[in-house]
Amino acid sequence: MNTAPARWLSDDEQRIWRSYLHATTLLEDHLDRQLQRDAGMPHIYYGLLVALAEAPQRRLRMTELAMQSKITRSRLSHAIARLEKNGWVRREDCPSDKRGQFAVLTDAGAEVLARTAPGHVAAVRQALFERLSPEQQKALGEIMQIVAEGLQPGDAGADLPWLR
């Protein structure tokens, strides 16, 4: 148990933290609503379809897809089941590992992604990039990279979602 006194956020840090939380919550909701309206899917499902579309032969091991998507294997399994029900993804057994499976983007999944992507890109551009100068965009990218690297340690015992 840590008995050191709490090191509270300064007023400026608190303001920045709350602005970050407010903006990311609103952005995720904005993108989720756009995708629900245009394609009947949540943002997380869209991200899974994109990851599969960008993969060789439109297929990834389930463990790799969980890692790329930064979600638990349980959440991924549930999402893939829903995408399978829609006919957008199918599972294939891994021939080299009896316990492993691939998620594969179907032609129908590629079609829904092609129809949905332009509206999604427009929503991202409108909600984020059109509000920032090129310098702010660059700074945001650098900041998010630093934060992500700090939260994704390379050691084997790391508590990361896709390892749960």
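Predicted model: local features only at pLDDT ≥ 70, side-chain atom pairs only at ≥ 80, totals over all residues.
## How α1 and α5 sit together

Let's start with the helices. Helix α1 covers residues 11–39 and helix α5 covers residues 107–127. Their axes come within 10 Å and cross at roughly 155 degrees. Angles over 145 degrees count as roughly antiparallel, and α1 and α5 are therefore roughly antiparallel to each other. As for handedness, α1 passes α5 in a right-handed crossing.

## Who touches whom

On the α1 side, the contact is made by L27, H30, L31, Q34, L35, D38 and A39. Across from them, α5 brings in T116, G119, H120, A123, V124, Q126 and A127.

## Strand β3 and its two partners

Now for the strands. β3 takes in residues 101–105, and it's mostly covered, with 4 of its 5 residues buried.

Which strands are joined to β3 by bridges? One is β1 (residues 59–61), which runs antiparallel to β3 and is joined to it by 3 bridges. If you want a spot to look at in that pairing, find L60, which stands opposite A103 in β3. The other is β2 (residues 89–93), also antiparallel to β3, with 5 bridges joining the two.

Conventions:
Residues numbered from 1 in each chain as written. Heavy atoms only, no water. Axes fitted to C-alpha atoms, helices over the stretch in contact; angles between N-to-C directions. Parallel < 35°, antiparallel > 145°, perpendicular 65-115°, else oblique. Left-handed = near helix turned anticlockwise from the far one by under 90°. Contact = heavy atoms within 4.5 Å. Buried < 20%, exposed > 50% of the residue type's maximum accessible area, 1.4 Å probe, protein only. Pairing = 2+ DSSP bridges.
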